[in-house]
Amino acid sequence: MLRKLLNRSAPAPIDDAAWRRIGARLPFLAHLGDDERNKLKVGCEAFLAEKQFSGAAGFRVDDDVRIAIAIQACLPTLHLPLRPYRDFVEIVVYPDRFVAPRKQVDEAGVVHEFDDELAGEAMDGGPVVLSWPDADPAGQHPGYNVVIHEFAHKLDLIDGGADGTPPLPAGMRSRWTRTMTEAWDDFCAQLDTLEASIPRHIDPESPAADAWYARLPLDPYAATDPGEFFAVASEHFFTAPLPLRRAYPALYDLFRDYFRQDPLFVRLPRR
Ligand SMILES: [Zn+2]
């Protein structure tokens, strides 16, 4: 029994051809050197040995799905001095966006029940749930990465609630709080100004308003709370680093020091 358990959790090597093929579809790995890529592969192998994937609503999880999710989940933690993602084993993958029932009590005490359509969800102490079209390397664009987003929440949750502050190295806390608060306050103010500028005949929730929101340095969802700000800013840090650095240079530097990676580092092609 013990042997069986040990065998089940022993990391199996990821096939080199699959590793290269899937990695080539993720342009935000470009700043990594060969040593870092090898370290990422070892990290992904350990991750895949620990995690259980299940397909929901008829979705079939194959090795390409597992590897693509592992790479994106393990990239942020590549150089972190902790073993992350230990509080859960299950990753659930849906064939499309999924619906989560919600309940909210408004200021008047009235309970509102509604359905939320989600691309991903990270449950405290529980699974990460992902929609494959959003997690698929083919479905991404700069500034959007649902896997990095949900796993940033998992990092944040290590030391209690998703408050936008993951476990930090000694000496970083006051810089973290100051930098994140300044950037978040600025972003919320920009969002308020922008929403006030949308003409009344345009529904802010409709696609017609997208052209306004596109002027923001981050997805407007970042204004939800500091936890979402950390998750959205992490997506931007890895997949759209230049716009993030232009908008919030101190935040970019903070993330570079926290993640111990510089996504803007340019590697010249080998001769
Ligand atoms: Zn989130």
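**A walk around the predicted model**

Visitor: At roughly what angle do the axes of helix α4 (residues 63-74) and helix α6 (residues 146-157) cross?
Guide: Happy to start there: in this predicted model, the axes (lines fitted to C-alpha atoms over the stretch in contact, with angles from 0 to 180 degrees between N-to-C directions) come within 8 Å. Helices here are DSSP runs of H or I with at least four residues, and strands are runs of E with at least two, numbered from the N terminus. The crossing angle of α4 and α6 is roughly 55°.

Visitor: What does that make α4 relative to α6?
Guide: Angles under 35 degrees count as roughly parallel, over 145 as roughly antiparallel, 65 to 115 as roughly perpendicular and the rest as oblique. That angle therefore makes α4, relative to α6, oblique.

Visitor: Which residues in α6 do Ile69, Gln72 and Ala73 in α4 meet?
Guide: Contact means heavy atoms within 4.5 Å. On the α6 side, the partners are Val147, Ile148 and Phe151.

Visitor: Which residue in the hairpin of β3 and β4 takes a positive phi?
Guide: Strands β3 (residues 98-105) and β4 (residues 111-118) run antiparallel, joined by eight bridges; strands pair if DSSP finds at least two bridges between them. Five residues lie between the strands, and the one with a positive phi near 85° is Gly109.

Visitor: Which side chain meets Asp16 in a salt bridge?
Guide: A salt bridge puts a side-chain nitrogen of Lys or Arg within 4 Å of a carboxyl oxygen of Asp or Glu. For Asp16, the N to O distance is 3.2 Å and the partner is Lys41.

Visitor: How many residues apart are Asp16 and Lys41?
Guide: Asp16 lies in helix α2 (residues 16-23) and Lys41 in helix α3 (residues 34-50). The pair links distant parts of the chain, 25 residues apart.

Notes:
Residues numbered from 1 in each chain as written. Predicted model: local features only at pLDDT ≥ 70, side-chain atom pairs only at ≥ 80, totals over all residues. Heavy atoms only, no water.
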